[in-house]
Every structure is written in structure tokens, then in C-alpha cells.
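Please review the following briefing on the architecture and chain contacts of the structure shown below. It is arranged by topic.

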Amino acid sequence: MTSAGMLAVYPDTPSVELARTLDLSGYSWKGVATPEVMNRLQPSDGWMGAIVSCDDDPDGGWAMCRALRRLDQPVRRILVMITGAQIGDLEIRENLFDDFLLTPFHPRELEARLRHMFYNELTAPSSSVVEHAGLRLNLETYQASFGGRPLDLTYMEYELLKYFVQNPGRAFSREVLLSEVWGYEYFGGARTVDVHVRRLRAKLGEEHAHLIETVRSVGYRFGASKWSG
Amino acid sequence: MPDMRDAQRDYVLRTVEERGIRLVRLWFTDVLGNLKSFAISPAEMENALNDGMSFDGSSIDGYGRVQEADVLALPDPNTFEVLPWVDSKSAEARVFCDIAQLDGTPFDGDPRQVLRRNLDEARRQGFVFYVAPDIEYFYFAPGASDGRPVPLDHGGFFDLTTTDITSALRKETIRTLETMSIPVEYSFHEDSPSQHEIDLRHTDALTMADSVMTFRFVVKEIAAMRNVHATFMPKPLESVQGSGMHLHLSLFKDDVNAFHSEDDPYNLSDTAKSFMAGLLRHAGEIAAVTNQTVNSYKRLVPGFEAPVHVSWARNNRSGLIRVPVPKRGNELATRIELRSPDPACNPYLAFSVILAAGLRGVEQGYELPMESDANLFEMGDAALTKLGIEQLPQSLNDALKMMESSSLVAEALGEHIFEWFLRNKRAEWRRYKTHVSQFEIDTYLRSL
């Protein structure tokens with residue numbers, strides 16, 4: 001079941017900055033090379049929206065916008081990306097897009113525009129799926145997977161891993177983890193955190209156990225972000 | 001913040017749906033420590049989590065009551081795990097249950113509830129009880145014609161038997177345990193042929209009792225898949241050492257190891273010392289629970305690294321309690337090792353009586369006797385008596401006699417289980433006593 005909708009992205013190999021911003025914000029997307037491919041890949045409940053780059057190939061981009069509008073379930077949320085020199089092109093094509101962004105773009109601006117554009121569709125797209133180095137947590141379905149394989153966790157293991165994945169690269173003391181994940185009223189003491197970290201490491205397997213690092217005399221840190229290297 | 005129990009319940013229900021679970025197995029334990037189970041369909045899971053599933057308890061050992069046979073199984077959502085060895089097309093999960101009476105009050109025949117009650121008592125005094133077991137067991141070839149156990153290998157302690165099927169079995173077992181939230185600290189080939197040891201990392205006592213139940217099931221299940229029989233029988237082979245379940249024990253108060261003290265040469269706190277004194281003073285009374293079979297007492301004999309005497313030492317494996325030397329500076333690792341229990345015990349009941357004995361020592365400030373670092377096996381009875389060192393019970397019968405007059409054990413187990421256990425085990429002893437053994441035939445038939 002998909003609760004978050006799918007975005008069509010043209011061209012099918014978007015810039016690294018665009019892909020990174022979409023991934024980090026938790027959007028699901030598919031690259032589409034031509035209107036035919038876009039048609040074929042259309043999800044049964046339709047595209048939630050589209051991001052069309054017109055800066056390199058304006059003709060292909062605008063053709064894609066037209067095709068998106070002509071679908072049986074026309075796409076109502078299209079963001080076009082253009083260069084400053086193309087602003088004049090917008091005037092005669094007001095019906096083909098809903099918002100635009102100048103390239104090169106700032107990721108924070110793209111994020112904000114998408115959040116605003118899909119405000120009605122999704123209350124918080126960035127919080128439904130979190131990913132880190134092959135580890136993927138779907139916060140709506142409570143399902144975790146690693147490299148595409150399901151990772152079966154108990155509730156508290158899941159909650160602890162979720163907290164780590166949502167706060168990568170930061171060191172936390174056992175006390176902080178205990179109060180944030182278990183709640184203050186929990187009686188087990190900070191040893192409980194150690195017990196669950198060991199269980200998580202065992203489940204991640206030897207190769208990936210290092211994702212949860214022990215930080216001497218502090219506590220634990222979940223691996224550095226894949227984007228910051 | 002939503003109630004944690006609600007959140008756990010949602011988590012379990014959602015996982016059942018997302019992972020396509022076909023069957024949920026409800027696990028619980030009878031008084032003798034046998035794992036019991038019944039399966040429900042995913043559709044019943046929500047109901048089970050909210051209201052429990054009722055079943056007829058009269059068929060479970062130690063559950064039978066005169067007036068009321070029906071009891072409720074209440075799944076503990078934090079123990080919900082997908083079973084890793086079941087094909088994902090027909091995925092199954094298990095969840096441990098607490099057993100309650102129909103009105104929701106804890107059922108006094110349920111060992112898990114007994115341990116919960118004892119842990120609550122420790123909690124009232126501010127203590128969390130941590131346990132790490134070293135579990136030994138044997139692998140045998142399936143059914144030899146005369147019923148005698150046939151070892152699969154003749155490896156010794158720490159032997160590298162890489163081509164051996166038993167090493168593969170142990171590896172597979174550890175992998176399975178780790179995917180079921182049971183981290184393994186060490187594992188190795190033990191002294192005896194086909195004997196193996198797996199040491200688990202410490203957790204709170206309730207989680208560990210569940211883990212021991214899961215452990216025994218997984219070891220047997222993985223072995224059975226390769227047509228091998230795994231056994232936790234305490235002494236399956238007469239001439240080699242038996243299988244123990246040494247328990248590393250500690251109490252934590254808040255986040256401080258209550259067993260640790262900087263000032264003591266062994267880093268043992270007063271709490272640790274009086275806890276040990278409690279275990280020593282009540283060792284005979286709790287033995288029937290920690291060593292509950294006729295066969296258990298054939299392990300507790302001199303010459304096989306099993307304890308025989310009620311004593312303690314820092315580095316003497318013939319004593320009942322050993323004080324392992326923790327890595328320098330790691331105060332969290334200060335602990336004591338109780339060496340008498342065997343892996344055929346009921347872990348919920350064993351942890352209960354051990355905790356009760358230790359806490360009695362702490363409450364009443366028992367004084368720890370002198371350390372016995374001599375090899376007690378080599379000392380005569382007179383010397384031992386002079387030192388005030390007693391022996392552990394010599395037989396199940398001895399142990400039952402000591403348990404019978406113990407108010408400590410009666411309190412820890414509750415009257416229901418205390419009475420039932422004594423009745424059941426006395427019957428076991430009577431069956432054994434009337435049995436004419438091969439030893440007697442060989443020794444007496446021709447000579448007398």
C-alpha cells in the first residue's frame with residue numbers, strides 16, 4: 001500500500017542535487033524519459049505530481065508538461081525548472097505548470113516549494129520514510145528493511161533505530177536515549193539502552209553493526225550521513 | 001504521547017499485516033519449564049492483544065485447578081518476533097504470553113507471572129536484576145537402536161572442528177538467535193564429545209528467561225532440521241562432564257552497578273557480598289528448582305568442574321559461586337557467577353528463587369563466609385566440616401526435603417506452584433527409586 005504518492009521526474013536522469021533533495025525529503029519518485037514511458041509507469045492512482053526540467057531541453061520539457069496534463073487523471077501539480085533566461089517562456093504556457101524554480105537552485109528552496117505544493121496531499125512527506133545507507137524505515141507502516149530485505153524488529157528496537165536514523169551523526173548519551181525513546185517513567189535504567197543496541201547490532205549483522213558506534217564516555221552515535229560523506 | 005502499550009499493539013498489528021504473517025504462535029511455559037504454544041490466525045490477533053485468548057489450562061502441567069480450568073493468554077507485545085526459519089510465503093511469528101485468570105488477575109500457576117512478581121519485589125527496593133547465562137548442551141546422532149546417546153564428534157575444549165557438522169549447526173543456531181533479538185557473546189566446543197556452549201549477553205531477568213526458552217527451542221529446532229538431536233539433559237554421558245547453565249548475576253540501582261565497589265579488593269560491594277551470602281545460605285533450599293531432575297545430581301559430583309560444595313572463590317571452579325575478574329575499569333561488568341544451575345531448569349522459576357535467596361541476604365545483611373580458594377575436591381569431610389563448608393544436596397530427594405521446609409522458596413514460588421512442584425517431583429523420585437538400573441544388574445546379578 002502506498003500512502004505517499006509518486007512523483008514523475010523529467011528527464012529520467014535528474015541532476016544529483018535534485019535526486020538528493022528528493023531522497024532526503026522522503027519523496028518517492030520515478031525518472032521518465034519520454035511521454036510514453038511516463039504513461040506506462042503511471043501508478044494506478046495517478047502521479048501525485050511532476051518535476052520537469054526545461055533548462056537543458058525546453059522542447060522535451062514542455063512536451064512532457066502537455067502530456068502530463070492530457071492524462072486521464074491529469075497531473076495537477078507540476079513544478080518546472082528553468083534558467084533565468086527562460087522566464088519569458090512562461091507567459092504563453094501558464095496552463096502547463098503550477099510553480100517554477102530557477103536553476104541552479106538551492107535545495108532548501110526546492111524543499112520549501114515542494115512542501116507547499118503538496119501541502120494538501122501530504123501533511124509531512126519528509127517524515128514517512130527515512131533512509132540511511134541502505135537502511136530504510138517506513139514510519140507509517142513500521143517496516144524496516146536493509147538493502148531491500150525486511151529487517152524484523154521488536155517494537156523498542158524499532159523505536160530506538162528510528163531515533164538513530166532520524167538523527168544521524170549525532171552522539172547521544174544513554175540517558176538521553178532512554179528518555180527520548182523509552183520515556184522518563186521507564187524503570188529499566190540506562191543498561192536497557194545497551195541491551196537494545198546489542199540486539200540491533202546483532203540484527204544488522206557483522207558487516208553493518210558499526211552503523212551504531214559506541215562513543216567512549218558519551219554513549220552512541222548512528223553513522224555519519226551518506227550525503228555528507 | 002500515546003500510551004506505550006497502545007503504540008506497541010499498533011506496531012504488532014501493522015507488522016502482522018505488512019509482513020503477511022499467516023500464523024501467530026502464542027508461547028508460554030508450564031511449571032516444569034516446557035515451552036507450550038497454540039497458534040491463532042492474524043484476524044484474531046487484535047482481539048488477543050486487547051482481551052487475551054482463553055484456553056483450557058487443565059491440560060498444562062501445573063496449571064490444573066479444581067474450580068476453574070479456563071485461563072487467559074495475554075500476549076506481551078514487546079516479545080513479538082517473526083520466526084526466521086519459516087519460509088516467508090507462510091510467515092509465522094511468536095509472542096510470549098502472561099497467563100491470567102478470566103477476571104484478569106495474574107494466574108498463580110504461570111512461571112512468567114511468578115518471575116514478574118519477584119522482579120517487582122526487587123524493584124520496590126530499587127533493584128533491576130540482570131542475568132547472563134552460559135548454556136551447555138550436547139548434539140547426538142538420531143535414535144541409536146539401544147536408545148543410548150551417540151556423540152557426533154570427539155572434539156575437545158576449543159577444538160577447531162571446522163569440517164564438523166556440529167560447528168555448522170552452532171553457527172546456524174547463533175545466526176538464528178541473533179535475528180531473534182538474542183545476542184551471543186561467545187560460543188565454543190566444550191570439553192566433552194559433541195558438547196557445545198553458547199554464552200548470551202546479559203539482559204534483565206524477564207527478557208533472559210524468555211530468551212532461554214527461545215534458545216532451547218531454536219537449538220533443538222535447527223538440529224532437528226539436520227536430523228540431529230540436541231539435548232539439555234544435565235548428564236547424558238557418564239564419563240564426561242555434564243551440561244550446566246552458569247548464571248552471571250548482577251543488580252543495578254538506577255544506572256549504577258550495585259555489586260561494584262572501588263574500595264574492595266575484589267571490587268565487590270556490601271550488596272554483592274550479602275547477596276552471595278544469601279545464595280550460599282539458601283543454596284540447599286533452592287537446589288530442587290535450579291536442578292530439578294533426578295539426573296541433575298549426577299552432574300553435581302567431584303571431578304567434572306561442577307560445584308559440589310557450598311562455597312565461593314574468586315578463581316576456583318569447584319565452588320558454587322565464582323567472582324570473575326572484570327576487565328580493568330569496567331565497573332559495569334562486576335558480577336558473580338552461580339555455577340550450580342543446569343539448562344534443564346525452568347528459567348522463570350530458577351531466576352525467581354535465586355533472586356529471592358540473594359535479596360534475603362541483602363535485606364537481612366547476611367555476612368559473607370570466608371573465601372575457599374583451596375581445591376575442595378581434595379579435602380576430606382572432616383576438614384570441610386571444620387571450615388563449615390556444606391555440600392549441595394546429593395540427590396533430588398535431598399533437595400526436595402530441603403525445599404519442603406523452606407518458607408523462602410514457598411514465598412518466591414507462591415503456594416500453588418510450591419505444592420504442585422513438590423508433588424510432581426516426589427512422584428518422579430518414587431518412580432526412580434523403584435527402577436532397577438543396569439548398574440545393579442551388572443554388579444549384583446551374578447555375584448549375589
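Across which strands of chain A does helix α5 (residues 107-117) of chain A lie? Helix α5(A) lies across β3 (49-53), β4 and β5 of chain A, and its direction is at about 180° to that of β5(A). Here axes are lines fitted to C-alpha atoms, for helices over the stretch in contact, and angles run from 0 to 180 degrees between N-to-C directions.

This is a predicted model, in which local features need pLDDT of at least 70, side-chain atom pairs count only at pLDDT 80 or more, and totals for chains, interfaces and linings use all residues. Residues are numbered from 1 along each chain as its sequence is written, while chains are lettered from A and ligands numbered from 1 in the order in which they are written.

**Chain A overall**
- Chain A contains eight helices and twelve strands, taken as DSSP runs numbered from the N terminus (helices H or I, at least four residues; strands E, at least two).
- The C-alpha trace of chain A spans about 65 × 35 × 35 Å along its principal axes.
- Of the 229 residues in chain A, 33% are buried (20 or more other C-beta atoms within 10 Å of a residue's own, with C-beta atoms placed from the backbone).
- Among contacts in chain A with a separation of 6 or more, 55% join residues 24 or more positions apart; a contact requires C-beta atoms, placed from the backbone, within 7 Å.

**The sheet of chain A**
- Five strands of chain A form an open sheet with parallel pairing, in the order β2-β1-β3-β4-β5; strands pair if DSSP finds at least two bridges between them.
- Its edge strands, each pairing on one side only, are β2 (28-31) and β5 (99-102) of chain A.
- From one strand to the next, the twist averages 20°.
- Strand β4 (residues 78-82) of chain A pairs with β5(A) in the parallel sense over four bridges, and L79(A) stands opposite D99(A) in β5(A).

**Helix packing in chain B**
- Helices α5 (residues 205-225) and α9 (residues 347-363) of chain B pack at an angle of about 145°, their axes 9 Å apart.
- In this contact, A205(B), A209(B), V212(B) and M213(B) of α5(B) meet P347(B), Y348(B), F351(B) and L355(B) of α9(B).

**The interface between chains**
- The contact between the chains involves 26 residues of chain B and 21 residues of chain A.
- On the side of chain B that touches chain A, α1(B) gives the largest share, six residues.

Methods:
Two residues are in contact if their C-beta atoms, placed from the backbone, lie within 7 Å. A residue is buried if 20 or more other C-beta atoms lie within 10 Å of its own, exposed if 12 or fewer, and partly exposed in between; C-beta atoms are placed from the backbone.
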